[in-house]
Amino acid sequence: MARVVCPGSFDPVTNGHLDIIGRAAGLHDEVIVAVLVNIKKQSLFTTDERVEMLREVTKGYGNVRVERFHGLTVNFCIDNGINAIVKGLRAVSDFEYEMQMAQMNYRLAKVETLFMTTNPQHSFLSSSLIKEIAMYGGDVSGLVPELVLGRLKARLAEE
Ligand code: PNS
């Protein structure tokens, strides 16, 4: 069984993430979307909220599962019988760090990393930029799923 993982912070999930998750689901038996519980990084949404949004927006895929994890991605892979990590590459600027992590993950546990080029429609997208634009009242519709758009508006209105 070809089971792969798409790890990330997903704070929040964007249409760029969804594109990669959906394409990975078309190529593998099972995709686990693993949401990092990062106690050091301040996030806009809690881990529970991020997991819940991801579950909702990926519910159309029969072979996508959403889980949370902490610690090393390779340990999550070992514990869950995962063969490879799938990552989206938006631009050359992503490549250097992603390559370093891929080589380290292979060195640590012989876990492979498969890179998928992001759809050019999404190559400028990042969760941080989405949060920044939304925070200053910019329009992020079409860049995140409708559900996330609503949650972003609600969360920012609370602040
Ligand atoms: O969405 P992000 O924040 O860019 O995702 C980064 C993530 C979660 C994939 C990366 O930080 C990660 O794998 N963190 C888990 C800790 C780990 O394994 N670190 C060593 C990487 S070689």
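The model is predicted, so please read every value below as computed from it. Helix 2 and helix 6 pack at an angle of about 155°, and the structure also holds 1 cavity of 30 Å³ or more.

**Helix 2 and helix 6**
- Helix 2 spans residues 47-57 and helix 6 spans residues 146-158, with their axes 10 Å apart.
- Angles over 145 degrees count as roughly antiparallel, and the two helices are therefore roughly antiparallel to each other.
- On the helix 2 side, the contact is made by Glu49, Glu52, Met53, Glu56 and Val57.
- These residues meet Leu147, Val148, Arg151 and Arg155 of helix 6.
- By class, the contact of helix 2 with helix 6 has 4 nonpolar and 5 charged residues, and no polar ones.

**Aspartate 19**
- You will find aspartate 19 in helix 1, which covers residues 15-27.
- Aspartate 19 counts as buried because its relative accessibility is 16%, and buried means under 20%.
- Leaving aside residues up to four places away in sequence, aspartate 19 touches Asn119 and His122.

- The largest cavity has a volume of about 30 Å³.
- Its lining is formed by Ile85, Lys87, Glu98, Met101, Ala102, Asn105, Thr113 and Phe115.
- Strand 4 (84-89), helix 4 (92-109) and strand 5 (112-117) are the elements that each give two or more residues to this lining.
- Helix 4 supplies the largest share of the lining, 4 residues.
- Sorted by class, the lining of the largest cavity has 4 nonpolar, 2 polar and 2 charged residues.

Technical notes: Residues are numbered from 1 along each chain as its sequence is written. This is a predicted model: local features need pLDDT of at least 70, side-chain atom pairs count only at pLDDT 80 or more; totals for chains, interfaces and linings use all residues. Side-chain values use heavy atoms; hydrogens and water are left out. Axes are lines fitted to C-alpha atoms, for helices over the stretch in contact, and angles run from 0 to 180 degrees between N-to-C directions. Angles under 35 degrees count as roughly parallel, over 145 as roughly antiparallel, 65 to 115 as roughly perpendicular and the rest as oblique. Contact means heavy atoms within 4.5 Å. Ala, Val, Leu, Ile, Met, Phe, Trp, Tyr, Cys and Pro count as nonpolar, Asp, Glu, Lys and Arg as charged, and the others, Gly among them, as polar. Buried means under 20% relative accessible area, exposed over 50%, partly exposed in between (1.4 Å probe, protein chains only). On a 1 Å grid over the protein atoms alone, a cavity is a set of points where a 1.4 Å probe fits but cannot get out, and a pocket is an open set with protein on both sides within 12 Å along at least five of seven lines; lining residues have an atom within 4 Å of a point. Grid points are joined across faces, edges and corners, and a volume is the space filled by probe spheres set on the points.
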